[in-house]
Amino acid sequence: MPQIKAGIINVTGYIGAELARILCQHPQVELVTVTGRSAAGQKLGDVFPSFAETEYAIKAELDSEIDVAFSAMPHKSSAEVILPLLKQGIKVIDASADFRLKNADEYPKWYGFTHPSPELLTEAVFGLPELHGNEIASASLIANPGCYSTSAILALAPVVKEGLIYPDIVVDSKSGVSGAGRTLRLTTHYPEVNENICAYSLEGHRHLPEIEQELKTLNLSLSPSITFVPHLVPMTRGILSTCYAKLADSRRLTANSLKQIYREFYKHAPFVQITTNPPHTKHAWGTNLCLIYPTIDAKADRLIVISCLDNLVKGGAGQAVQNMNLLFDLPETTGLEALAIYP
Ligand SMILES: NC(=O)c1ccc[n+]([C@@H]2O[C@H](COP(=O)([O-])OP(=O)(O)OC[C@H]3O[C@@H](n4cnc5c(N)ncnc54)[C@H](OP(=O)(O)O)[C@@H]3O)[C@@H](O)[C@H]2O)c1
């Protein structure tokens with residue numbers, strides 16, 4: 001099979017750099033062109049010393065023929081660069097939120113802009129392979145999910161689909177600071193985040209509408225009401241989400257039968273592991289895994305599900321490559337087999 005020619009738009013952000021790390025080691029991919037704004041004209045290895053052994057030059061625009069483009073642009077700007085590529089027939093995997101939501105009316109409310117191409121929102125496929133693998137395989141435009149959203153949707157999908165919980169759900173998530181991106185901000189400055197934990201976006205985080213959208217699609221009769229509270233924690237990578245919901249009928253379930261339901265639901269999902277102990281963010285560090293630990297608080301008849309992933313891999317660049325593998329009919333795990341780094 002010929003190599004897939006790939007390009008990365010905005011290689012100088014954290015997701016762009018992580019895409020480059022994964023794609024330049026992918027056995028079926030030739031990374032032929034990468035772009036950046038302020039670093040255009042420099043070598044990637046000059047910007048990121050970890051690429052010193054590579055020859056990639058950062059260009060202002062994609063400048064070679066490609067089969068697939070990965071956009072690692074901020075929202076709004078991403079849609080602007082993607083639309084001309086789609087017109088040229090290039091497959092696009094977008095790490096931003098610009099094509100995740102099916103309802104264009106949500107964009108002004110959550111992202112502060114009017115969507116430039118609402119007709120593409122129905123065509124775009126929400127790139128969560130564990131739920132949409134078949135649609136992804138034939139898509140032209142894949143909307144890679146948000147990092148928090150991936151952890152919450154994968155944690156809750158089996159019980160929502162099976163109607164095992166009441167629709168009143170709490171998702172308490174913690175993220176490492178790379179989730180906020182590479183752009184300098186006071187809130188992610190070392191003295192602000194080190195030895196500190198804080199909740200934020202209590203009035204509604206941008207990932208909430210995509211979590212609601214996907215869980216609603218899984219069970220039209222459940223219509224979940226979700227309180228989602230993200231926290232910033234002093235680590236570089238990783239998300240840990242703890243999800244809570246009242247069990248609809250606790251007599252039907254034990255912790256073991258619940259785990260069995262999760263194992264069955266994800267039996268064809270190579271990157272979802274149902275763990276025997278509560279997972280740590282480090283267990284997924286640098287991998288494309290989502291580790292899920294479902295259990296029951298018997299005293300309160302409540303479901304507890306803990307999920308862990310690396311926000312830059314399964315929460316971003318790795319999931320984008322998983323989507324590319326499906327798009328080009330490769331084994332889903334190609335180029336994504338790395339084990340977690342320990343300790
Ligand atoms: N970080 C995560 O964990 C994560 C996970 C999933 C999805 N995502 C999504 O992936 C996308 C990239 O995220 P990120 O965290 O990699 O971002 P980031 O690190 O904050 O990206 C910053 C880079 O974007 C460039 N940039 C900013 N505005 C630009 C514009 N209008 N046009 C061109 N370049 C621009 C900046 O380059 P200059 O040096 O030129 O200013 C900077 O290098 C976002 O849409 C984000 O929501 C992020």
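Two residues are taken to be in contact if their C-beta atoms, placed from the backbone, lie within 7 Å. The structure described here is a predicted model, in which local features need pLDDT of at least 70 and side-chain atom pairs count only at pLDDT 80 or more, while totals for chains, interfaces and linings use all residues. Residues are numbered from 1 along each chain as its sequence is written. The secondary structure comes to 11 helices and 14 strands, where helices (H or I, at least four residues) and strands (E, at least two) are DSSP runs numbered from the N terminus.

**Overall form**

- The protein has 343 residues and a radius of gyration of 20 Å, which agrees with the value near 20 Å for a compact globule of that length; the radius is taken over C-alpha atoms, and the globule rule is 2.2 Å times the number of residues to the power 0.38.
- Of the 343 residues, 46% count as buried, a residue being buried if 20 or more other C-beta atoms lie within 10 Å of its own, exposed if 12 or fewer, and partly exposed in between, with C-beta atoms placed from the backbone.
- Among contacts with a separation of 6 or more, 71% are between residues 24 or more positions apart.

**Domains**

- The domain assignment, whose bounds come from an automatic or database source, gives domain 1 (4–123) and domain 2 (148–311), and their C-alpha centres lie 27 Å apart.
- Contacts between the two involve 9 residues of domain 1 and 7 residues of domain 2, and on the domain 1 side the largest share, 3 residues, comes from helix H4 (residues 106–111).

**The seven-stranded sheet**

- An open sheet of 7 strands, with mixed pairing, runs in the order E9-E10-E8-E11-E14-E13-E12, where two strands pair if DSSP finds at least two bridges between them.
- Strand E9 (198–199) and strand E12 (272–274) are the edge strands, each pairing on one side only.
- Strand E13 (residues 290–297) pairs with strand E14 (residues 302–309) in the antiparallel sense over 8 bridges, and Ile296 has Leu303 in E14 as its bridge partner.

- In helix H6 (residues 129–137), the residues Pro129, Glu130 and Ile136 are buried, and they lie on the same side of H6 because they cover an arc of only 55° around the axis, the arc being that of the directions from the helix axis to the C-beta atoms.
- The elements covering these buried residues of H6 include strand E6 (125–126), strand E7 (141–143), helix H7 (147–161), E12 and helix H11 (313–327).
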